[in-house]
Amino acid sequence: MDKFYITTPIYYVNGKPHIGHAYTTVVADVLARWRAAQGMEVVFSTGVDENSQKTVDAAKKEGEEIQPYLDRMAEIWEAAWRKLGISNTDFMRTTEDRHLETVREFWKRMDAAGDLYRGKYEGLYCKGHESFLKEDELTPEGLCPDHATKPEFVSEENYYFRLSRYQKPLMDLYAAHGDFVAPARRFSEVKSFVENGLEDVSFSREGREWGIPVPDDPHQSIYVWADALVSYATGAGGIEGWEEHPADIHAVGKDILRFHAVIWPAMLMSAGLPLPGQIIANGFLTAGGVKMGKSLGNAVDPLALAERYGADALRYFLLRETPYGEDGDFSEEKLRERYNGDLANGLGNFAARVLALAEKEELAPAETDDGFGQAIAEMRRAAAEKTGEFRFGDALAAVWKAIAFGDRYINEKKVWEIKDPAERRRALSNLAALLEGAAETLDPFLPSTSAKIKEAFIRDGAVLRARKIPALFPRIA
Ligand code: MSP
């Protein structure tokens, strides 16, 4: 069986998940479920980044010991993904032994390649990003534009990674793989960044109380990003697992694209390991135009939304509202509009109409007519094509187009008035086939809704029966 390995970022656990994190994770989930439906063996890894200074600070702020804090937070994140219908097959924690071993081996390989050396590092460090920022990346007030905090000046002896050596190999990689980063606009940003020249990066920190020690130099801890990126190899089953099957897709947000499309491939080249197939990056969700995040205190809780509207409604909104790769503004009002319009009046109402009309019929959905066969095939084709291009909104639109076709048919044919049994059976078989086809197509996007619709149909030999189900999306005022 063909294997498909997809990852999300491993998230910092200095706070709870917000809908920005949920967005990236839902996108990865759609692709994982879509590939699984095609019969592939899917490895879908998500998890948490536990060796960040931010996390240590957060534990202290809560007055907790670090490890118990990490354990508590890891559980919160894992549970959140369950509630949002995420089908991850692994949950990575960077304090696990399997990860420590992979990181050590990875470090040794980069060292053996001559890519790690000791030197003095000076620069402005943003704790929020866990990375150095250049002066020209700061606001006029000297603040980090994403976290609105003042970066601290750091000057210490540590290990550097020879990133500068990989400028040409990276440019060659980008030239050879025209879709290494998607969407295309994000790829252009990466290319021009690398074209402008690469500097070596600090890969360890001095005298840290938490983190993975540098092999043979316990006074230094491995830089949290050098540790976190390697978690993708851990998720593949370690260095050997990665060699056998590297990630097909890393789904990330645009804020961390450089780490994934520049530093990570350079690290892999250094370690003599195969590269991932593709890095895809979503834009930011903003609230009132401002990037949403823990540090800015304007984070929206995805679980509260899922509680109120259902996880599928939140998934639908995230995938449908904003073209993948672009920034999108979140408001509950917009979510409610999508909910009442597309879900309650659209899909929910169509399903209820079809199932109510078809309840007492013996259906034969294989024999579609009146253009239904074509409408269903076109829905399937377009949804698959758009999903493959990461145009999730367009993939969903293809399903809604088919639903609109079905709705029109009910109205124009006045299906509820048809008396002739053969004609009635044919009309309802058409509609049932469309509804079942829509459920099938929606499975990666709205898994629980899809399952509920499928359960409304019962196969009885060659005959298909339908039964009413509770409203899929009760209207919300
Ligand atoms: N720990 C690192 C990632 C290491 S991966 C080897 C990290 N963690 S994070 O908790 O800050 O999560 C970052 C990711 O969450 C972003 O790249 C993005 O995918 C998602 N998002 C966080 N805020 C977001 C928005 N406001 N909007 C959209 N996605 C956002 O960085």
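Helix 1 comprises residues 19-37, 19 residues in total, and extends 26 Å from its first C-alpha to its last, close to the 27 Å expected at 1.5 Å a residue. The model described here is predicted. After helix 1 comes Gly 39, which has a positive phi, near 95°.

An open sheet is formed by 6 strands in the order 3-2-1-12-13-7, with parallel pairing. Its edges are strand 3 (90-93) and strand 7 (181-182), each of which pairs on one side only. Helix 9, spanning residues 257-270, packs on this sheet and touches strand 7, strand 12 and strand 13 (278-282). The direction of helix 9 makes about 140° with that of strand 12. Strand 1 (residues 3-12) runs parallel to strand 12 (residues 249-253), and 2 bridges join them. Within strand 12, Ile 249 stands opposite Ile 6.

Towards the edge formed by strand 3, strand 2 (residues 41-49) pairs with strand 3 in the parallel sense over 4 bridges. Here Thr 46 stands opposite Phe 91 of strand 3. In a regular strand the side chains alternate between the two faces of the sheet. In strand 3, Asp 90 and Met 92 point one way, while Phe 91 and Arg 93 point the other way. All of these residues are buried.

Antiparallel pairing is found around strand 11 (residues 217-222), which is joined to strand 9 (residues 204-206) over 3 bridges. Strand 11 also pairs with strand 10 (residues 213-214) in the antiparallel sense, over 2 bridges. Ser 221 of strand 11 is the bridge partner of Arg 205 and also of Pro 213. The hairpin of strand 10 and strand 11 has 2 residues between the strands, and in this hairpin Asp 216 adopts a positive phi near 65°.

The ligand is surrounded by 25 residues, the closest being Ile 10, Thr 24, Asp 49, Asp 255 and Leu 285. An N or O atom in the side chain of Asp 49 lies 2.7 Å from a nitrogen atom of the ligand. For Asp 255, a polar side-chain atom is 2.8 Å from an oxygen atom of the ligand. The side chain of Asn 282 likewise places an N or O atom 3.4 Å from a nitrogen atom of the ligand.

Asn 282 is also approached by Tyr 324, whose side chain reaches the backbone nitrogen of Asn 282 at 3.4 Å. Tyr 324 is located in the loop between helix 11 (311-321) and strand 16 (328-329). Its relative accessibility is 10%, and Tyr 324 therefore counts as buried, the cut-off being under 20%. Beyond its neighbours within four places in sequence, Tyr 324 is in contact with Tyr 23, Val 27, Pro 183, Val 252, Ile 280, Ala 281, Asn 282, Phe 390 and Phe 392. Tyr 324 and Gly 283 are separated by 41 residues in sequence, yet their C-alpha atoms are 7.0 Å apart in space.

Methods. Residues are numbered from 1 along each chain as its sequence is written. This is a predicted model: local features need pLDDT of at least 70, side-chain atom pairs count only at pLDDT 80 or more; totals for chains, interfaces and linings use all residues. Side-chain values use heavy atoms; hydrogens and water are left out. Two strands pair if DSSP finds at least two bridges between them. Contact means heavy atoms within 4.5 Å. Axes are lines fitted to C-alpha atoms, for helices over the stretch in contact, and angles run from 0 to 180 degrees between N-to-C directions. The expected span of a helix is 1.5 Å times one less than its number of residues. A residue is near a molecule or strand if one of its heavy atoms lies within 4 Å of it. A polar contact is a pair of N or O atoms within 3.5 Å; within protein, one must be able to donate a hydrogen and the other to accept it, and residues adjacent in sequence count only if both atoms are side-chain atoms. Buried means under 20% relative accessible area, exposed over 50%, partly exposed in between (1.4 Å probe, protein chains only).
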